[in-house]
Amino acid sequence: MKKIYLSKKNRVLIAFFVFLIPSLLIGAYQAYAALTDRDQKQNDFNISDFQTKIEEEFKSPSKFEPDKDYPKKVSIKNIGKQEGFVRVIALPVITKKKMDGTTILLAATTKGNAPILTIDYNLTDWIDGEDGYFYYKKKLAPSENTASLFTSVKMNQANITAEYEGVNLSFEIKVEGINNTKFAYRDAWWSGKIPTKNPYAEIDSLLKDEVR
């Protein structure tokens with residue numbers, strides 16, 4: 001049998017791909033599992049005594065029907081002892097169970113020319129950071145709640161296909177809280193830089209006067 005000899009460089013490349021492929025598969029599975037689970041509530045950015053809690057009102061419908069408004073309220077409560085600022089991700093997730101028992105993810109867009117969902121975001125008290133986060137416009141005092149980020153969600157019949165029949169809706173919600181010491185929010189959210197372009201510049205202009 002003819003032996004095949006590999007150079008040191010080729011052996012390193014093969015070892016790299018053997019390591020990389022399982023890592024990618026595991027990462028993809030973990031991301032999929034996170035999105036197909038029930039509503040995810042995370043609060044993983046608390047500094048000092050500023051702590052937050054997600055408060056929501058939502059009963060996931062057994063049948064998510066198009067062109068029907070479903071109540072969904074999301075707000076954040078300061079359960080710590082300090083004032084602070086918050087930003088929130090509320091990611092809608094549409095899943096469908098197939099006949100073979102597997103679950104698939106379907107698009108759940110809220111922007112663009114043909115959004116799948118309409119969500120009545122409260123842009124009076126929040127600013128869309130256009131980075132996935134919504135930023136609350138003022139500091140949050142101890143025991144205080146933010147205004148609701150939104151109050152209802154609807155699936156748009158005109159923008160869906162037959163594939164969306166019998167789907168389920170859930171939300172993955174993540175809040176980041178930062179105390180209002182000077183200028184902790186800039187360090188945490190913008191690497192210490194003063195933003196010069198909107199929407200970050202608008203957010204900064206509102207928060208900078210409420211630091212201590």
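This is a predicted model: local features need pLDDT of at least 70, side-chain atom pairs count only at pLDDT 80 or more; totals for chains, interfaces and linings use all residues.
Residues are numbered from 1 along each chain as its sequence is written, and side-chain values use heavy atoms, with hydrogens and water left out.

**Overall layout**

The protein has three helices and 11 strands (DSSP runs numbered from the N terminus: helices are H or I of at least four residues, strands E of at least two). Their order from the N terminus is α-β-β-β-β-β-β-β-β-β-β-β-α-α. Of the 212 residues, 35% are buried, meaning under 20% relative accessible area with a 1.4 Å probe and protein chains only. Among contacts (heavy atoms within 4.5 Å) with a separation of 6 or more, 72% join residues 24 or more positions apart.

β5 spans residues 84-97, and 11 of its 14 residues are buried. Here are its pairings, where two strands pair if DSSP finds at least two bridges between them.

| Partner of β5 | Sense | Bridges |
|---|---|---|
| β11 | antiparallel | 12 bridges |
| β9 | antiparallel | two bridges |
| β6 (residues 103-106) | antiparallel | four bridges |

Across these pairings, valine 88 stands opposite phenylalanine 134 in β9, while isoleucine 94 faces leucine 106 in β6. β5 and β6 form a hairpin with five residues between them, and glycine 101 in that turn has a positive phi of about 95°.

**The nonpolar cores**

In soluble globular proteins, nonpolar side chains tend to be buried together. A nonpolar core here is a set of buried Ala, Val, Leu, Ile, Met, Phe, Trp, Tyr and Cys residues joined through side-chain atoms within 4.5 Å. The largest one has 30 residues, and those with the most contacts inside it are Val86, Ile94, Leu117, Trp126, Met155 and Tyr164. Strands that each supply at least two residues of this core include β5, β7 (117-119), β10 (152-155) and β11 (168-179). A second, separate core of 12 residues includes Phe85, Tyr135, Ile203 and Leu207.

Let us take a closer look at one residue of the largest core. Leaving aside residues up to four places away in sequence, methionine 155 touches several others, among them Phe64, Pro66, Ile116, Leu117, Ile160, Tyr164 and Val167. Glu65 and Asp67 are also among the residues that methionine 155 touches.

Technical notes: Buried means under 20% relative accessible area, exposed over 50%, partly exposed in between (1.4 Å probe, protein chains only).
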